[in-house]
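Here is a short report on one protein model. Please keep the sequence and the structure open while reading.

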Amino acid sequence: MINTMTSYKLISSNLTRSLTRVAQEPAVQRDTDYYLKNIGKVKTIDDFMKNDRLYKYALKAVGLEDMAFAKAFIRKVLTEGTGKDSFASKLTDKRYMEFATTFDFAKLGDKATSQPAVLKPVTDKYARQTLEQEAGQDNEGVRLALYFARKAPTITNAYEILGDKALLKVFQTTFSIPAQTSNMDIDRQAKMVTDKLDLKSLKDPAKLEKLLTRFTAMYEMNNPSTASAIPSLLIGGDTPVGISQSILMTLQSFKLGGR
């Protein structure tokens with residue numbers, strides 16, 4: 001098996017090609033074709049939510065696939081729209097505001113699905129979500145890295161990391177922070193994030209890539225997918241170990257516990 005770091009770099013360095021491949025998968029292509037053919041026919045929130053195939057496609061595009069069952073909740077998001085006092089604006093998870101903004105029935109009414117924002121931007125996001133899910137089937141660390149790479153430029157404060165299980169997992173793994181720290185006071189946790197991580201650096205592609213290189217190395221060390229062999233004087237022959245020399249070298253290039 002390819003280790004976490006190598007697998008992530010193979011995908012991220014050829015992201016356009018990876019996304020094109022996913023978009024051309026028969027199942028993805030069928031769902032996308034159906035979505036593009038039918039979304040414009042939707043004129044109301046009721047129409048949208050009654051068409052289960054369209055509804056689930058749209059939710060998956062913004063990463064809310066697991067919330068498809070919560071129709072009353074999603075209906076409230078769509079009904080109240082994007083105003084400063086809307087339901088979506090009060091939710092910590094930005095995906096709901098993204099969903100309400102894309103499918104803005106509250107503001108645009110029956111014109112909501114005739115906007116350019118509901119076409120290619122949605123199908124591109126659907127392909128990206130599918131890519132991340134497929135990567136996670138082989139290696140959860142790769143999925144986490146791809147997700148963090150996608151979300152990082154939009155992160156503005158530590159609480160957004162603390163409120164997102166996937167982002168938090170990347171942070172904790174990268175800096176060897178025990179999961180039990182999640183039981184601490186939330187403001188102490190936020191300070192820990194800002195002490196360890198310069199949030200502004202997440203908008204710098206080079207610095208973000210360095211961070212994710214460190215994450216994938218640490219993830220691999222904790223969840224080895226490959227093994228190198230070293231001679232064993234005690235047993236004879238080779239003894240497998242769970243981390244490769246290249247990953248050890250990567251870890252040594254970082255100052256653990258610092259920025």
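## Basis

This is a predicted model: local features need pLDDT of at least 70, side-chain atom pairs count only at pLDDT 80 or more, and totals for chains, interfaces and linings use all residues. Residues are numbered from 1 along each chain as its sequence is written, and side-chain values use heavy atoms, with hydrogens and water left out.

## Overall make-up

The protein has 15 helices and 2 strands. These are DSSP runs, numbered from the N terminus: H or I of at least four residues for helices, E of at least two for strands. Of its 259 residues, 43% are buried. Buried means under 20% relative accessible area, exposed over 50%, and partly exposed in between, with a 1.4 Å probe and protein chains only.

The accessible surface comes to about 14100 Å². Carbon and sulfur atoms hold 56% of that surface. The areas come from the Shrake-Rupley method with a 1.4 Å probe; for residues, only the protein chains shown count as cover. Among contacts (heavy atoms within 4.5 Å) with a separation of 6 or more, 58% join residues 24 or more positions apart.

## Helix α1

Helix α1 spans residues 4-12. Its buried residues are Thr-4, Met-5, Ser-7, Tyr-8 and Ile-11. At the start of α1, a side-chain oxygen of Asn-3 comes within 3.2 Å of the backbone nitrogen of Met-5.

## Nonpolar core

The largest nonpolar core has 64 residues. Such a core is a set of buried Ala, Val, Leu, Ile, Met, Phe, Trp, Tyr and Cys residues joined through side-chain atoms within 4.5 Å. Phe-48, Phe-99, Phe-103, Phe-148, Phe-171 and Leu-202 touch the most other members. Leaving out residues up to four places away in sequence, Phe-103 touches Tyr-35, Ile-39, Phe-48, Ala-58, Leu-78, Val-118 and Val-122.

## Aromatic rings

There are 11 aromatic pairs. Rings of Phe, Tyr and Trp (its six-membered ring) pair if their centres lie within 6.5 Å; planes under 30 degrees apart count as stacked, over 60 as edge-to-face and the rest as tilted. Phe-48 and Phe-99 are stacked, at 6.2 Å centre to centre and 25 degrees between the planes. This pair links helix α4 (residues 45-50), which holds Phe-48, to helix α7 (residues 94-102), which holds Phe-99. The two are 51 residues apart. Both Phe-48 and Phe-99 are buried.

The rings of Phe-99 and Phe-103 have centres 5.3 Å apart and planes at 50 degrees, so this pair is tilted. Phe-103 is buried too, like Phe-99. Phe-48, Tyr-55, Phe-99, Phe-103 and Phe-105 form one aromatic cluster.

Technical notes. Polar contact = N/O pair within 3.5 Å; in protein donor to acceptor, adjacent residues only side chain to side chain.
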